[in-house]
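I opened this notebook page to record what I looked up in the model. The entries follow the order in which I checked things.

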Amino acid sequence: MFQITLSENAVSKLQELIQKNGTADDTYLRMYVAGGGCSGYRYGLALDNKLHEGDEVIQANGVKVVVDPNSREYLDGSSIDYVESVAGSGFMVSNPNNWSTCGCGQSFNRKGEAAPDEQEGHHEHVHEHAR
């Protein structure tokens with residue numbers, strides 16, 4: 001079974017953002033992975049109000065999280081936290097499927113794989129998101 005965990009801080013911030021942009025019934029947190037970033041792949045988080053064919057919707061601490069089929073295997077078991085510090089604030093993804101990450105916290109290299117541009121036949125995965 002696919003699993004994503006949201007911290008209390010992440011849930012609180014997401015509920016605040018969802019309230020500003022829609023309702024909890026029709027607004028989802030879309031979580032995805034795309035080629036790029038400093039380490040090969042990068043995380044993406046966006047509020048979305050549309051579901052696409054193959055999307056999987058799960059409830060994580062009262063927030064609907066949507067993941068596309070291409071990103072699912074990369075994100076299973078991940079957790080999201082919302083961190084505020086002197087250096088700034090933002091969502092941080094902790095992913096047990098990584099073997100290296102960049103200091104930016106937004107990009108990673110998956111265990112057992114080379115960076116996407118080093119893989120034969122790799123095509124960057126592009127997402128369109130409603131705002």
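**Entry 1: the chain.** I worked with a predicted model. I counted two helices and nine strands in the secondary structure. Read from the N terminus, the order of elements is β-α-β-β-β-β-α-β-β-β-β. The chain has 131 residues, and 37% of them are buried. I also looked up the contacts between residues at least 6 apart in sequence; 57% of these join residues at least 24 apart.

**Entry 2: strand β5.** I asked which strands are joined to β5 by bridges, and in which direction they run. Strand β2, residues 28-35, runs parallel to β5 and is joined to it by three bridges. Strand β4 runs antiparallel to β5, with five bridges between them. I then looked for individual partners. Val-65 in β5 is the bridge partner of Leu-29, and Val-65 is also the bridge partner of Ile-58. In the hairpin of β4 and β5, two residues lie between the strands, and I noted a positive phi near 55° at Asn-61. As for cover, four of the five residues of β5 are buried.

**Entry 3: Val-67.** I placed Val-67 in strand β5, which spans residues 63-67. Is Val-67 buried or exposed? Its relative accessibility is 1%, so Val-67 counts as buried. Leaving out residues up to four places away in sequence, I found that Val-67 touches Phe-2, Met-31, Gly-54, Asp-55, Glu-56, Arg-72 and Leu-75. I also checked Val-67 against Val-57: the two are ten residues apart in sequence, and their C-alpha atoms are 6.7 Å apart.

**Entry 4: Asp-55.** Among the residues that Val-67 touches is Asp-55, and I examined Asp-55 next. Asp-55 sits in the loop between β3 (41-48) and β4 (56-60). I recorded a relative accessible area of 17% for Asp-55, and Asp-55 is therefore buried, the cut-off being under 20%. Which side chain makes a polar contact with that of Asp-55? I found Arg-30, at 2.6 Å between the two side chains. Setting aside neighbours within four places in sequence, the contacts of Asp-55 are Arg-30, Lys-50, Val-66, Val-67, Asp-68 and Pro-69.

Note on methods. Residues are numbered from 1 along each chain as its sequence is written. This is a predicted model: local features need pLDDT of at least 70, side-chain atom pairs count only at pLDDT 80 or more; totals for chains, interfaces and linings use all residues. Side-chain values use heavy atoms; hydrogens and water are left out. Buried means under 20% relative accessible area, exposed over 50%, partly exposed in between (1.4 Å probe, protein chains only). A polar contact is a pair of N or O atoms within 3.5 Å; within protein, one must be able to donate a hydrogen and the other to accept it, and residues adjacent in sequence count only if both atoms are side-chain atoms. Contact means heavy atoms within 4.5 Å. Two strands pair if DSSP finds at least two bridges between them.
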